[in-house]
Structures are given as structure tokens and as C-alpha cells.
Amino acid sequence: MNKQLWNMYKESPQGKACIELFNPEVEETSEGAFNIWRYASNWGEDQVEDSFAEDIAGAFWLWSSNLSQRGFIPEEWTKESYEKFAEEYDILRPLLDDKGELQYQDDDTIVFNENTCILKKDQYRIKASNTPLLSLLLYYSFECFKPILLPRRFDIIQRNCDALGIEMPPIPRSNDYKAYCNYYYEICECWNRFQKEHELTDAELCACIYDFANMLTETSTSSELPKPTNVWLTGAGGGDFTFLDSLGENPNGNDQQIWACNERTRRGDIIVLYCTSPRSYIHSIWRSNSGGIFNPFDYYHCRTTVCGGILTPHITFKDLKNDEYMSQVPIVRRNLQGVNGIELSAKDYSELLRMVAERGGDISLYPQLYEGSDVDFGEITLEKHVEEQILIPVLEKLGYTSTDWTRQLSQKAGRKEKAIPDFVFFPKGEKHFENAPMIIEAKLDMAPVQELQKAFKQALSYARMLRSSIMGICDKERLILYKVNKDGSSDRNNPLFEEHWASIYSDPDVGAALNHLIGREIINNL
């Protein structure tokens, strides 16, 4: 948290406007919530229609009347009371009594059907996805709660907290959606500690996280996409058709969007987009511009940002069912039910491109799967194998010897804790090796998005401790390098370098690019 920059931001017109936007003392909370929600489109969400103001007003009235009149609000908010609240509340539709006044049915007489119960208490997936809107209502009502915006772009919240040095609690690794409901309170606790430490008002905290921190990272630019190794099929509904129909028409660029995906999606992967009913045809082919973004407060928990969409000739569901090969693909045999995030094999994608060519498409325009050189790394089943059979041979090609790095360096952190980075390069310092220009953390498999996030967070903590300029994370498939700024921030979405090990080993251009970034003499002179 750079206090000088923050103070300058607070006095700027942009800063004053954003702080006022988050002022919790408003006459009409639903209007304030709508203004915040609409402004959030500047930070990575879809544009909000004016009609959504009525939706928010209706939701706020329904939620506030249910929660207060039916006794769900505890006398004091604690982690335990919030977890009990999240577990027990439901939302009922109020009824008119004989006098024309609104009332809720007595609990003993409630019949939970579509006419009386809007949200059942055990529908935790819906509750979790409602958290962003509920958080705004709670923000206006209680000091301990903060708005959690950008339900489809939790990566932006993570990136901004990284830039501010806020240690976010880890996302629950669970299929229990109740855990995601409870995760919201953990975030509020974390942000409240930061707020108290830096003596911020509620509005200042929100402006700091969502706007000020966003400015600190906006100068980053994406590096070139790595070669694609996977193909994923995903679907788009009616709300997406306007965007899809304008693909390629906007000279200023309108080919960036976010789609539901599989959590193992890697940056650079190929995304095949299928328009669901009533269109029912394959529309375009894209590239993933990010790995899977895990969003705990989104109904579809995993999404990816995409870019470079290329229209395909319409290949209808009927065409797929009538094709000798595609009709046998499992997702087609299931009538494309549950289409989001389905993996297609290399053969599936090749046959799909055949169908594109048969309908007049130029398949040379479409991304091709990466066919890596046949590099035998031996059996890779442990992190140790990644380190010794893949990473160290690359380091040796870059000019390093075993004396240039320290493995499993014990590093004092606080009174008793010890941090142990896997590889620390050229450590210096009289006590505890206070400085090292680069660290690399090795894992076995970072394909699941939460494992990648965990590895990034762990490596960044080591890099901050050792004042490193470059940090790397790797697994059995690829190496990713990040720049670490002087303030200890790093943009997780914009790596300096990201490539497959097979490319690093076999492609001279890739090897040269890596040597230019982290060759021995480069790092030794930092």
C-alpha cells in the first residue's frame, strides 16, 4: 500500500468520485447498489442495462423484508453467526392477508412450492451466486460487511489484492457450495483488517480495492499466448447473441469475452463456442487468454477470458448428429447437454475442422493444436521429478551450475516460521539471505485452477521476502515466469514468459527467449 500514491488518488477527481460512489450513507440503497453495479462494468464485467435498477430494487425489498421480519438477522455478526445465517435463511414470497397487508406464512404452515418459496435454505449454489448482490445489501446495513463485486472476474479482485499486499484467504477447495457462502465472511474479515491497519473509511476501502489497485496494474500488457494443447467446448445463450453477432464488425475491437470453462483450461487453449437453443449451432472458435478463473460467487464457478474469435460456417446440432464421426463423440451423443467445459480430443477437433472446410471455411485461419517434440523426461510422478528431470537440465542449458542456486532454503519469517522456496538464485545477505534476484517454485500439476493460484501465491510470498525481481512457477507441463515489482506486486494474469517444456527443450527460438529473460548472466547482474 503506497500511502503517497493513495493520498494523491484520494484528492483526484477520479478518486473523489469513486469514494463517493461507495458512500454507504445513501437515501435509497437500491439506487446506490445499481450505480455501483453499473460502474463495475469498467472493471471487467458486462455492461448493465438501465432496467436492472428495477431488478435490484425488487431484490432488495424482497431480501430485506425476509431477513429482518422473519428473524434471520443475528444480534451480533461473527463468523459463527454468519455461517448459521447462511445455512438457515430462505426467501419466501410474502402474501396479502385479509386486510391487504403483507405477511409471511407461519413456519408450521409453509408449503414449499413455486408459489411460496423463492429460495430454499439448502440451495447453497444459488445462495453463493447471490452473494454479490446480497453483499451490497449487507454493506448498506452493517459496518462489518463489504461489497464483493465482479462475480465472473474474481481474478481481478485477487490481482488487486496482490497489488495492495492484502493476503486473501484461500478459496475453499470443496464441492460443498455452503463453503463458498461462508467464504464471503472470511474475505470481509481480511478486508476489515486491512481497512483498520490503513485507517480507511468503508468507502475508501472499496475505492482502494476496486479502483485504486486496478490503476496500479493497468499498465501491464499480455505476453504472447502459449501454443494450445487442449480444446474445450462451451456454450453461449440468448444473452450472448448480440455480442456474437457483432464479432469482427467493431474496428476498435470487440473480440474479448468471458465464457464458462473447465477448471483445467490453460492460457492459450482452444475454445469452441456452441450457441445453445434456439440457434443450436457452432458459431466460432477462440483462444483462452487466461487460465480457468475460479469464481466462488458465480453460478458457473469456472470461466476463462477469450480473445481472437473467428467465425465458423454454421455447423448445426443436426449436422453433428448426422456426421459419421462427430455423432459418436460422447457430448454429441448426450445431445450437447451440459456443454460447458467439455474437453474435445485432438481427433475431435481435427474432424470438426474437416466439417468447417466442407462448408467453405478456410481451416488455415483457425488455431491448430500444439504438437510438441517427443521429449522423454522419464517418469514424472513427484515434484522432485519435475525439479531434477525437467527444471535443472533447463537451468544448466541456461548456463547455471548447482552452486548458483540454493534448494529448499530455510528463511526466517516471523519468530518461528520458516519459508522454504524450492530454488533461490544467487542469495545474498549476512542473515537469512535477505535478497535473491529470482526464485522458482516447482509443483507436480498446476492444471486445476486453484492449484495454479496456490502456487502463484506461495511463490509471490517468497519473492517478497527475498526482494526478488523475477519469480517462476512450474509443473510437469510448463514454466511460467512473472515480473515482481518493487512494491512486491505481480500481475498473475500477465506472465513474462509461459511455455511448454517440450518447446523450451526443442525450439531454439523459445530457448533463446528464455535465455534472454533468465540466463545466468542476466540474473546474476540484477
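I began with the surface: Leu5, Met8 and Leu216 make a nonpolar patch of about 260 Å². For patches I took residues with over 30% relative accessible area and no salt bridge, joining nonpolar side chains (Val, Leu, Ile, Met, Phe, Trp, Tyr) within 5 Å and like charges within 9 Å. A salt bridge here is a side-chain nitrogen of Lys or Arg within 4 Å of a carboxyl oxygen of Asp or Glu. Areas are Shrake-Rupley values with a 1.4 Å probe, and for residues only the protein chains shown count as cover.

A note on the model: it is predicted, so local features need pLDDT of at least 70 and side-chain atom pairs pLDDT 80 or more, while totals for chains, interfaces and linings use all residues. Numbering runs from 1 along each chain as its sequence is written, and side-chain values use heavy atoms, without hydrogens and water.

I then looked up Met8, which sits in helix 1 (residues 3-11). Helices (H or I, at least four residues) and strands (E, at least two) are DSSP runs numbered from the N terminus. Met8 has 53% relative accessibility, so I logged it as exposed (over 50%; buried is under 20%, partly exposed in between).

Next came strand 18 (residues 478-483): 5 of its 6 residues are buried, so the rest of the structure largely encloses it. Strand 17 (residues 470-474) pairs with strand 18 antiparallel over 5 bridges (pairing needs at least two DSSP bridges). I found 3 residues between these two in a hairpin, and Met471 bridged to Tyr482. Strand 19 (residues 497-500) runs antiparallel to strand 18, joined by 4 bridges, with Leu481 partnered by Phe497.

Note on methods. Buried < 20%, exposed > 50% of the residue type's maximum accessible area, 1.4 Å probe, protein only.
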